[in-house]
Amino acid sequence: MTSPRAPTLPARLLPGDRVVVLSPSSWPEAREDIDQLVTTLQSWGLRPELSAHVLDRNGYMAGTVADRLADINEALRDREVRALIASRGRCGGLRLMHGIDRQALERDPKPLIGYSDVTALHQVWRRSGVPAVHGAVHGAHRGVVREQLLGGAPTSVRSDPDMVTAAMTTNGTARGDLVGGNLEMLARSVGVIDVSWQGCILMVEANKAAGLGMVDRALTQLRLSGALDHLTGVAVGSFDQFAGFQDRGGRSWTRSKTSSTT
């Protein structure tokens with residue numbers, strides 16, 4: 001895999017900075033969701049603006065590929081815009097990966113904030129050497145997202161002992177760029193964009209709707225593709241919805257004993 005461009009850190013956001021709210025994947029469930037997101041960004045001292053197609057609907061996606069790309073690239077080319085905020089994830093972002101204006105992104109680095117389906121677009125940012133933020137303005141970790149954008153000190157997310165993945169925690173220290181996001185979208189990006197994670201710490205998360213089979217397929221695809229070679233460490237994010245989960249055939253998350261009959 002090709003090494004990404006040398007990292008260029010975007011400047012921390014300052015009160016009064018313009019940020020653009022857009023929908024690179026699916027459309028928001030309701031206008032109220034956008035209003036709430038805007039209110040939160042304003043409470044952080046930022047000046048949020050809505051992209052032209054943020055509320056468009058084209059089947060399950062937020063507008064056509066051309067329109068969604070236009071919103072992203074317009075924001076990347078506007079030097080007064082300091083960050084791009086995805087309204088939601090879900091589906092459709094993968095279609096945009098080859099249309100992102102990487103030259104504009106590299107000339108004027110600015111973060112893309114999003115999660116779920118937006119993980120695919122984060123790989124474009126990674127290829128251009130520009131950090132992105134896997135997270136949401138709303139949710140349990142919005143304070144961490146705010147600190148990433150506006151804070152001056154390093155931020156950390158601590159392991160939750162009540163999560164099903166806490167048992168995977170090991171001792172020791174690992175250093176490296178933090179990459180990753182939604183497990184399925186990381187696997188889907190293999191072969192679409194050439195990015196190396198060598199020396200990185202890979203963070204992965206998934207939700208129950210993905211199913212146990214998807215988790216297995218995605219991890220196997222990443223392993224067989226070589227994407228997981230030479231990682232420095234792995235950080236396992238939220239898989240808490242899998243606790244006690246069984247698929248339709250009764251096969252569970254945990255290993256069970258093999259039985260045989262004669």
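**A guided tour of the predicted chain**

The model is predicted, so local features need pLDDT of at least 70 and side-chain atom pairs count only at pLDDT 80 or more, while totals for chains, interfaces and linings use all residues. Residues are numbered from 1 along each chain as its sequence is written, and side-chain values use heavy atoms, leaving out hydrogens and water.

Next, switch to a cartoon. The chain has 7 helices and 8 strands; these are DSSP runs numbered from the N terminus, helices being H or I with at least four residues and strands E with at least two. Of the 262 residues, 44% count as buried (buried is under 20% relative accessible area, exposed over 50%, partly exposed in between, with a 1.4 Å probe and protein chains only).

**Helix α7**

Select residues 211–225, which form α7, a helix of 15 residues. From its first C-alpha to its last it reaches 21 Å, close to the 21 Å expected at 1.5 Å a residue; the expected span is 1.5 Å times one less than the number of residues. Now colour its buried residues: Gly-211, Leu-212, Met-214, Val-215, Ala-218 and Leu-222. An α-helix has 3.6 residues a turn, so residues three or four places apart point the same way. Just after α7, select Gly-226, where phi is positive, about 90°.

Move to the loop between α4 (119–127) and β5 (133–134), and select Gly-129. Is this glycine buried or exposed? Gly-129 counts as buried because its relative accessible area is 7%. Leaving aside neighbours within four places in sequence, Gly-129 is in contact (heavy atoms within 4.5 Å) with Arg-5, Ala-6, Pro-7 and Thr-8. Draw a distance between the C-alpha atoms of Gly-129 and Ala-6: they are separated by 5.4 Å, although the residues are 123 apart along the chain.

**Side chains to finish**

Show Arg-57 and Trp-27. The charged end of Arg-57 sits over the ring of Trp-27, 3.7 Å from its centre (the criterion is NZ of Lys or CZ of Arg within 6 Å of the ring centre and within 35 degrees of the ring normal). Finally, select two cysteines: Cys-91 is partly exposed because its relative accessibility is 32%, whereas Cys-200 is buried, at 2%.
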